[in-house]
Amino acid sequence: MNDKQRESAPLQRNIVLELKSYDQVIRPDDVPRLYNGIQLTLKILPADDGEAKPTVLVEGDRRALLFLADLILAQVADELDCGFHLSPSWRGFSGKSDCGLYVHSLPCAEPER
C-alpha cells in the first residue's frame, strides 16, 4: 500500500487499544516504529485576535494524527515510565516543526519533578 492509499483508507482501528486487548504490552518507544513515513508538524503560533498567549498547532494527515493518539494512549498505559520525548529533530516531524513533544502523565514517577 502506498502513501496515497494509506491516506485515503478508512480508519480501521486503534493499534494501542487493539494490542492491549490481546494482553500485549506496547510502550511509547514502540509506537513510532508502527508509523513509518508519517509527517507531523508542531508549530507555536503567535498570539493574535486578542489572545494573550500563543497557540500550539498540531498538523498532519489522518495517519500522523492517529500516531499522536496512539503515542498518548501508550504513555497513559505505561506503568514503567511517566514521560516520553520526541526531539524536534525526530524524523517524523516535518521540517516546518518549531518544537519537539514531551508527553508526561501524572502522578509523576519521580516525585522531585
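Q: How many disulfides does the structure hold?
A: A disulfide is a pair of cysteine sulfur atoms within 2.5 Å. In this structure there are zero disulfides. This is a predicted model, where local features need pLDDT of at least 70 and side-chain atom pairs count only at pLDDT 80 or more, while totals for chains, interfaces and linings use all residues. Residues are numbered from 1 along each chain as its sequence is written, and side-chain values use heavy atoms, with hydrogens and water left out.

Q: Is Cys-108 buried, partly exposed or exposed?
A: Buried means under 20% relative accessible area, exposed means over 50%, and partly exposed is in between (1.4 Å probe, protein chains only). Cys-108 has a relative accessible area of 22%, so it is partly exposed.

Q: How many aromatic pairs are there?
A: Rings of Phe, Tyr and Trp (its six-membered ring) pair if their centres lie within 6.5 Å; planes under 30 degrees apart count as stacked, over 60 as edge-to-face and the rest as tilted. That rule gives three aromatic pairs here. One of them joins Tyr-35 and Phe-67 edge-to-face, at 5.6 Å centre to centre with 70° between the planes.

Q: Which parts does the pair of Tyr-35 and Phe-67 tie together?
A: Helices (H or I, at least four residues) and strands (E, at least two) are DSSP runs, numbered from the N terminus. Tyr-35 is in the loop between α3 (31–34) and β1, and Phe-67 is in helix α4 (residues 62–77), so their pair ties together parts 32 residues apart in sequence. Tyr-35 counts as buried because its relative accessibility is 6%, and Phe-67 is buried too, at 0%.

Q: What kind of pair do Phe-67 and Trp-90 form?
A: Phe-67 and Trp-90 are stacked, 5.2 Å centre to centre and with 20° between the planes. This pair links distant parts of the chain, 23 residues apart: Phe-67 belongs to helix α4, and Trp-90 to the loop between β3 (83–86) and β4 (101–104). With 15% relative accessibility, Trp-90 counts as buried.

Q: Which residues do the ring pairs link into a cluster?
A: The cluster is made of Tyr-35, Phe-67, Trp-90 and Phe-93.
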